[in-house]
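User: I would like to learn how to read a few features of a protein model, starting with the surroundings of a single residue. Could you take me through them one at a time?

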Amino acid sequence: MLTGAPRGVALADLLADRVNWVTGGATPEPADTTVLVVLRELDPAGLAAGAARFAGGLGTAEADRWRRSWTRTVFLFGDPVNLRPGDVRRSAGGAAWLGPFTGTHRPGPVRLLRPVTGRLPKLPDGTTGRPLWIATAGLSLVDYLVHLHHTVAEAVLLDRLDPDEPLRLLHRPDLDPAGLGAAAYARVLPGPGGALRPYTWLSEIS
């Protein structure tokens, strides 16, 4: 992030940081890589911790493919204990991770689970760990889960977050980078009006 730079310039740099990591200066591969996350209940802190460990457990080839294919994450409601153990890549509390999968392949039992939908409820802030700020205004539940999951996973894959480091989730309607300090990683995308918006902001220090 450029210290003292106008807000639009700083956000553009953070977006470029992510795009350059994904593409490596080349055309990205088709988005045919998918990770499935089965949730028994909504537990953002547990999801963040599990996502970090899931990403930390990816092999080199899997991590590289995640980067180059703009990997999608699909969230499903269900009880992870009902999944076949051989299908589960990582489990944590009430969540389980399956994949990454390429193409249209999905484990049979997962096809019976319903996708996560609905409105985002009011969420409490965490109390300990490195701050991870999340903008919530205008987000559906699945939007929130996608931003949270990809921020954590990509920060781990970029070696900007240790898979076992605790995070403190802090929720605000919108984020003002001027008051958040330097970012180890941020998820910056065009908002509904087209202007760049920071959806997440992982602080450099606790």
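User: Which residues is Arg 197 in contact with, leaving aside its neighbours within four places in sequence?

Analyst: This is a predicted model, and in it Arg 197 is in contact with Ala 135, Thr 136, Ala 137, Leu 139, Pro 173, Asp 174, Arg 187, Val 188, Leu 189 and Gly 191, once neighbours within four places in sequence are left aside. Arg 197 itself has its place in strand β9, which covers residues 196-203.

User: Is Arg 197 buried or exposed, and what polar contact joins its side chain to that of Asp 174?

Analyst: Arg 197 has a relative accessible area of 12%, and because buried means under 20%, Arg 197 counts as buried. The side chains of Arg 197 and Asp 174 are joined by a polar contact of 2.9 Å, while a polar atom of the Arg 197 side chain also lies 3.1 Å from the backbone oxygen of Ala 137.

User: How should I check the length of a helix, taking α2 as the case?

Analyst: The expected span of a helix is 1.5 Å times one less than its number of residues. For helix α2, residues 44-56, the 13 residues should therefore span 18 Å, and the end C-alpha atoms are 18 Å apart, which agrees. The buried residues of α2 include Leu 47, Ala 51 and Phe 54.

User: How many aromatic pairs are there, and how is such a pair described?

Analyst: A pair of aromatic rings is described by the distance between the centres and the angle between the planes. Here the count comes to two aromatic pairs. In one, the ring centres of Phe 54 and Trp 66 are 6.3 Å apart with their planes at 55°, so the pair is tilted. Phe 54 lies in helix α2 and Trp 66 in helix α3 (residues 60-68), so this pair ties together parts that are twelve residues apart in sequence. The other pair, Phe 54 and Trp 97, is stacked, at 6.5 Å centre to centre and 20° between the planes; it links helix α2 with strand β4 (residues 95-102), the two residues being 43 residues apart. Phe 54, Trp 66 and Trp 97 form one aromatic cluster.

User: Which residues touch the most other members of the largest nonpolar core?

Analyst: In that core of 39 residues, Tyr 144, Leu 148 and Val 152 touch the most other members, and helix α4 (residues 141-157) supplies the largest share, eight residues. Beyond its neighbours within four places in sequence, the contacts of Tyr 144 include Pro 44, Leu 120 and His 171.

Notes:
Residues are numbered from 1 along each chain as its sequence is written. This is a predicted model: local features need pLDDT of at least 70, side-chain atom pairs count only at pLDDT 80 or more; totals for chains, interfaces and linings use all residues. Side-chain values use heavy atoms; hydrogens and water are left out. Helices (H or I, at least four residues) and strands (E, at least two) are DSSP runs, numbered from the N terminus. Buried means under 20% relative accessible area, exposed over 50%, partly exposed in between (1.4 Å probe, protein chains only). Rings of Phe, Tyr and Trp (its six-membered ring) pair if their centres lie within 6.5 Å; planes under 30 degrees apart count as stacked, over 60 as edge-to-face and the rest as tilted. A nonpolar core is a set of buried Ala, Val, Leu, Ile, Met, Phe, Trp, Tyr and Cys residues joined through side-chain atoms within 4.5 Å. Contact means heavy atoms within 4.5 Å. A polar contact is a pair of N or O atoms within 3.5 Å; within protein, one must be able to donate a hydrogen and the other to accept it, and residues adjacent in sequence count only if both atoms are side-chain atoms.
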